[in-house]
Amino acid sequence: MPPPPPPRQDFPAFPFAPYPIQSEFMSFLYSALSSGPRALALLESPTGTGKTLSIICSALQWLLDHRDAAPERANGSGPAAAGGEDDDEPDWMRDFTPLPPKKGVRKKSETHPRRRQGTRKVGGSEKSEGTGENDGEEEFLLDEYESDGEEGTRPHAAGKRPHCGGGGGSSSSESEDEEEEEEATPKVYFTSRTHSQLSQFVRELKRTDFSGKLRTVCLGSRKSLCINMDVQKLGSANRINERCLELQKNKKSSKIKVEGDNKKGHRTKTSCGCPMLRNRSLQKQFRSEVSDHGALDIEDLAQIGRKVGTCPYYGARDMVRSADLVVLPYQSLLLKSARESLGLNLKNSVVIIDEAHNLADSLTSMYNSKVTSSQLRAVLSHLEAYLNRFQNVLGAGNRRYIQTLTVLTRSFLRCLISNEDCSSAVTSLTINKFLFSLDIDNINIVKLCQYLKESNIIHKVSGYANKLFFTENGAGDLNHGQQHGEGSSITSFQALADFLRSLLYCNDDGRIIVARHKPGGHSEDAYIKFVMLCAEKTFSEVTDDAHAVIMAGGTLQPIEETRLRLFPGLLPSDIKFFSCNHIVPPESILPIAVTCGPSGKKFDFSHSSRSSPTMIEELGRFLCNIVTIVPEGIVMFFSSYDYEKQVYDAWMASGTISKISKKKHVFREPRSSVDVEMILNKYKEAIQSCCSKGSGDTSVNGALLMAVVGGKISEGINFSDGMGRCVVMVGLPYPSPDDMELMETIKHIGNYSSTSSVAGDDESLSRDDECKVEPGFGILRKSGKSGQEYYENLCMKAVNQCIGRAIRHVNDYAAMLLVDSRYSHTSSGRGFSCPVEKLPQWIKTRLTCGQNYGEVHRLLLQFFKINKQIH
Ligand code: SF4
């Protein structure tokens, strides 16, 4: 093992002279990476402090230095990539790749015996194969499937699928001739939540020398990268994925055609259903063009794909192996199945997780699964139709598994309808209790999931269901036909398969939420959902492999909660933590806890009093006043869409909106995310037009945007400069205590910490298999200090996200008004700790408590006057 690179203070790739906090950040990150293997560091740096650039310049410098110190690694003598040889294979192929033959697993013929005999019995009658009315249904028949051994031996799937990614116009011999790219190790994996955050990363990367020096690849979803217009127009990510995978499966018919041509003479040729993957040489051309361009984001990749005429989604995947830096969304890196499907090898690599402020919750939610009663009904009817049609030609293995699936689906449906011994429509159960209560604990779910994965049953049954749909509803194109019912037939079946896979987790890893059909309610409201509670197991798969894991974010507090949920095995001293102040001078921000309104009424937006007309009126009065002193844009956050509507409606009726409109154009965050961009553009234009003509004392001087905590606007939207001169946070946005999933998480955290050394004095919750459905506040009371802390942290993380929308760079300035008397609590003698303690340090140190409206007014006037002079 070569010695680690010595500590560094200089980072020559940084495009300008760094601020001291940027230098400190880079040195800290560099030495954290040098302390690997299995290093773990959390770096907190407020938005607008050049965090991304600092990450790039330190992590990539470390990569180069590390390789210089270990030339044998750079030469490719590092560990081989897991699954690297099939990197360019589509998901379905990798998923369906059979395991090496095991003792006790009997290889089956790929072709059903009856088909080999040239006749088959369909619908009870013998038909001649290849002729007559059944031609179109041959494709829906399953290959024979049978597993031997009753002890969970993995069954054998039909033969390995030929290479499809770009395999269309090429023979197998051509594939073999193609040189496999050498794996670059170690790599840096950079992951963030959204595509726009990843694009921002690539933009920053382009500002440095590393853009040309290191091989970078950006991975995205099919939805962002698909260039097949027929598939793209399906709209939703699910449908695009399904259609793409279906197209890959359509290779079979091409195979027959090619066999007829037999141009190569000696090998079978296969062809992908998607024309964008048929020519392998175009994929090569794509890779070479991308390499020539340096760092590219998703949009750039899609553009090159369009220009070359080949699929950029699979093209980018093919480049992972040789890349030094892989930029990818959370799902692709943190979800085990996605990592396997993409062939990502984290061994000895550096994993950087940005926007990590809610990592544990993001991680657990990726492992959730849900199936609704209408999806179950659809699957049941499709299975029955399929079995009815093909049972005489299906082998015993297929028949048995399909019947088992039918039994399970019926059981699930029954439990959603019946409400016998349950007083509530929503129940929460452990996995074991759920299986016992439905009397399905004797079913081997492991083998059933294996069957679902290997047999191709989902596509066959769904394909046949679609065919029946077309037959019954007249001819239509496939894309249209797939949209019938609740999602497509594949979506429904996949939801069931995902849910079944969730049942394989350990009993304490998660909970099953059963939301039964309410009398008079919509049947779509009924569902079964697996909620993953345990984040540490899935996260340890990343930390165990990687050389170092870096979590970065604007604010990562509370560190102790993160430790308990993600790496409880580590001592607090094992975690490297860096936090820095903002680069903006203190006079550029004005955070105020606003305790009362202009008429002296105390602001209390707790659940019980926020709807009172006097509270809403006082808030209106307050806003009417501040719109006269705050220039340009004000973004005002409410705790929910419903509450925002309630306030807006009341203000409309009372004339408050019309008063506000005399100074600010009023906009509201739409519920539909499709319209968000349009509203944001209008808001921006309104501010710009007011500023450009110069505002007089009495004219409109900007705009007000009424937004919602947890909505689209509260995260990821940049309200720099005039777009957000003031952020108003109305109340404390605690999540609803009626949320069963949230309460399960709180109980899990309460239980967990009560057994750990950290919170030994917590009152432990019962670990009963079935939870009593009790009001959320009851659960909160019992959940002990750590459960309650988590609840309050959720609230304050949301507040921090909202107020962090303003102040995006060193020359920015903004006021932050926290409107609720609870923001003025300084004592932690109450049940909950003081909420403002959870504000980021750089805001907390500047926080002023406005004891009366006059004081708030004076502070605001002074703040904007001074900053107008400075900027
Ligand atoms: S262009 Fe790519 S992602 Fe789109 S359908 Fe074809 S293979 Fe799939």
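1. Buried residues make up 46% of the 871 residues in the protein chain. A residue counts as buried if 20 or more other C-beta atoms lie within 10 Å of its own, as exposed if 12 or fewer do, and as partly exposed in between; C-beta atoms are placed from the backbone. This is a predicted model: local features need pLDDT of at least 70, side-chain atom pairs count only at pLDDT 80 or more, and totals for chains, interfaces and linings use all residues. Residues are numbered from 1 along each chain as its sequence is written.

2. The protein chain has 36 helices and 20 strands. Helices (H or I, at least four residues) and strands (E, at least two) are DSSP runs, numbered from the N terminus. Among contacts between residues at least 6 apart in sequence, 80% join residues at least 24 apart. Two residues are in contact if their C-beta atoms, placed from the backbone, lie within 7 Å.

3. Two strands pair if DSSP finds at least two bridges between them. Angles run from 0 to 180 degrees between N-to-C directions, and axes are lines fitted to C-alpha atoms, for helices over the stretch in contact.

4. Look next at strand 6 (residues 325–329). Five of its five residues are buried, so strand 6 is largely enclosed by the rest of the structure. Leu325, Val327 and Pro329 cover one side, and Val326 and Leu328 the other. Strand 4 (residues 188–192) pairs with strand 6 in the parallel sense over five bridges. There, phenylalanine 190 has valine 327 as its bridge partner. Strand 5 also pairs with strand 6 in the parallel sense, over three bridges. Threonine 216 stands opposite leucine 325.

5. Elsewhere in this sheet, strand 1 (residues 39–44) and strand 12 (residues 548–553) run parallel, joined by six bridges. Leucine 42 stands opposite methionine 551.

6. A four-stranded open sheet is antiparallel, in the order 8-11-10-9. Its edge strands are strand 8 (369–372) and strand 9 (426–429), each pairing on one side only. The twist averages 15° from one strand to the next. Strand 9 pairs with strand 10 (residues 510–515) in the antiparallel sense over four bridges. Threonine 427 has valine 514 as its bridge partner.

7. Helix 25 lies across strands 8, 10 and 11 (527–532), at about 130° to strand 8. The axes of helix 25 (residues 489–502) and helix 22 (residues 445–454) come within 9 Å and cross at roughly 145°. Ile445, Leu448, Cys449 and Leu452 of helix 22 make the contact with Ala497, Leu500 and Arg501 of helix 25. These residues divide into six nonpolar, no polar and one charged. Ala, Val, Leu, Ile, Met, Phe, Trp, Tyr, Cys and Pro count as nonpolar, Asp, Glu, Lys and Arg as charged, and the others, Gly among them, as polar.

8. In helix 22, Tyr451, Leu452 and Glu454 are buried. Just after helix 22, asparagine 456 takes a positive phi of about 75°.

9. Finally, the ligand. Of the 13 residues around the ligand, Cys226, Cys244, Cys274, Met276 and Cys311 come nearest. A residue is near a molecule if its C-beta atom, placed from the backbone, lies within 6 Å of it. The shell divides into 11 nonpolar residues, one polar and one charged. Helix 11 (237–249) and helix 15 (312–318) each supply at least two residues of the shell.
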